[in-house]
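My entries follow the structure below.

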Amino acid sequence: MMRLKTKNAIKDTVVSIIAIAIGLIIIFPIIYCVCGAFKTESEFLTPNLLPGSFSYTKNFSDALRKGDLLRYIGNSFIVAFFGTLIRMVLSILAAYAFAYFDFRFKNVLFFLILGTMMIPGDVLLATNYLTISKLHMLNTYFACMVVSFVSASQMFMLRQRFMSVPRDMREAAQIDGYGDLSYLITILIPICRPVITTLFVHSFINLWNAYLWPLIVTASKPAMRTIMVGITKLNSWEDENYQLVLAGVCISLIPSMILFIIMRRNMRKGGMEGSLVG
Amino acid sequence: MASVVLKNVSKIYPPAEWAKIRKKDQASDLNASPQLSEKGFAAVTDFSLEIRDKEFIVLVGPSGCGKSTTLRMIAGLEEISGGELYIDDRLVNEIEPKDRDVAMVFQNYALYPHMTVYNNIAFALKKRIRSKAEIDRKVREAAEILGITEYLDRKPKSLSGGQRQRVAIGRAIVRNPKVMLMDEPLSNLDAKLRNQMREELLTLRNRIDTTFVYVTHDQTEAMTLGDRIVIMKDGFIQQVGTPQEVFENPANTFVAGFIGTPQMNFFDASLERDGQRYTVRMGNFHADVGEEAARKLAFNNVTGGDIILGVRPESITETEDEVSFSARVGVLELMGSSVHIHLEHNGKKAIMVTQVLGENGKLKMDYKPGSIMRFRFAREAMYLFDRQTGKNLEV
Ligand SMILES: Nc1ncnc2c1ncn2[C@@H]1O[C@H](COP(=O)(O)OP(=O)(O)OP(=O)(O)O)[C@@H](O)[C@H]1O
Ligand SMILES: [Mg+2]
């Protein structure tokens, strides 16, 4: 009995230590980034991790002033928010159709869509760029978002979730006088809220952090840059100033974190308990 | 408040769909089923029935006989493959469920898990009624009838099975639908609660006064609730009638065996005709059939030959008489005031029920397992069925 307990305690300790180590490795760049953002120019050249004082905020004010970061944050927000919103709407509607409707070529279409997940996004960079530029849409919000409007993986995950909701739910709603759209809005989406919120946050952070595509479609108009592109422009070859970049990165992390904290409550598991017999 | 008319309604599940289900459900080997053809699986065939306004119809039959399918076709959840369905004289084959004005109680309740009980019940009303006060009044009235007023603010997950069942019923009755459909609503409750709910359904039925179609595989529910019972098997209607009719005059051996507990006994016997007289023979036992029965047999041009003799367990009595059949007494099951006695006659099993409660309040049992005894039955208690088709020869 006693030995079993000690054995468990040892196991717990080892697992905790490993977990903490992995956690530190993951979070270290962020700690480094935050610390660096508070360093003066000369402190930055020393090997110390911690800055002299966390009250030195000149880097932040410089970054905001120099790079027009607020405008970039606004751009990023528009692109990430509306891009995600449209992506969610399209994914939900497509997932609903694949989960509930019977139509010709359903399976073929479904696998075709899943097939697009195999193509790495970067491969499409050149062709997408050509398309956008021929349509004269370079340097617009639309150009920044359009490539993210559809997501096969999100559609697939939503379909799986929808299919796990008993068919009776839809039938009960039909009998209660609700058509497909009102069923989707009043019942299915609330039931699947955890998954939908998770996908929303995930998608928002992805679009917020996107770099390459916004970089090339806004290359000729600095005012349209997103925050991720804007940060890198804080540092130029004639004026190497890494503290400024790190301050910019810190600022750019804030919106994603706020979103995550707000939505965390909704991402809990759950949904169907109590609906059926037991 | 409506009549429902089904004219030769049938449902064939296409082979593809059928194959999907079969894979999941390996246990039921229906490969050799006569319901299966290259067109698909005929779950319901030629279902014709006129349900009158405010009638309580019960569909009953063994598992897989097509009860739910029929109900779902009336609800509009399942496409009708052939035939016509009228609700209130309106052809509704192509009408969406939401426009049929029917309500349904699902076997597994299918409550909306994210809504309170109140909203679950009000949900259907919101599409039809504008006034909040009106909705509130109706929801509270329905909750009152079902005794769930105190749970109105709870979510389904914090309710017991019986309470969820009430919510499911409340959701249906609150709309005052033209037709109320119920698919085995009590099958998930324990025996005691089931009896209680059955009684409540009877009172409910008088209060809400609409047309009911009720599916069950429990014959007690069917007998107690139904104005008329529809007995189904393999997608076919076997008999339609009042509980008394189907009990007294079963159309065939299937209905005879299905209605009544314990089951009716079936013996191999022979029938002899001598003019207007018919005699049933089984071993040493023989009896002339009653006058009225004989007239019916003659009317049906029954000539005699091998038959199946059906006798209800309550009609078998012990006797000293020579004109009797002998059987070995097997297990005795004491049910309280009566005892079920398992018998074996010519290798065939049978069961008889006798009252053993004496006037002094003591049980009087003088049956010994293993002994061989003689039995007989009254001639009025005999049911005669065709050996080949199983049809009742008297109807
Ligand atoms: N979607 C479907 N595709 C193919 N076959 C089906 C489908 N639904 C039901 N069936 C078959 O049709 C037959 C009738 O089914 P139904 O659900 O009506 O039976 P039931 O009488 O309600 O039985 P139970 O008492 O078990 O509920 C069954 O044999 C079933 O396997
Ligand atoms: Mg069923």
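Entry 1. I looked up the polar links between domain 1 of chain B and domain 2 of chain B and found two residue pairs in polar contact, both at pLDDT 80 or more. A polar contact is a pair of N or O atoms within 3.5 Å; within protein, one must be able to donate a hydrogen and the other to accept it, and residues adjacent in sequence count only if both atoms are side-chain atoms. For salt bridges (a side-chain nitrogen of Lys or Arg within 4 Å of a carboxyl oxygen of Asp or Glu), the count between these two domains is zero.

Entry 2. I noted the basis of the work: this is a predicted model, in which local features need pLDDT of at least 70, side-chain atom pairs count only at pLDDT 80 or more, and totals for chains, interfaces and linings use all residues. Residues are numbered from 1 along each chain as its sequence is written, chains are lettered from A and ligands numbered from 1 in the order in which they are written, and side-chain values use heavy atoms, with hydrogens and water left out.

Entry 3. I checked the domain bounds, which come from an automatic or database domain assignment: in chain B, domain 1 is 4-256 and domain 2 is 263-386. Their C-alpha centres lie 38 Å apart.

Entry 4. I then looked up the buried area (the accessible area, 1.4 Å probe, that two parts lose on being put together, summed over both). Domain 1 of chain B and domain 2 of chain B bury about 560 Å² between them, with 66% of it on carbon and sulfur atoms. B:Phe247, B:Thr253 and B:Ala256 supply 73% of the area that domain 1 buries against domain 2.
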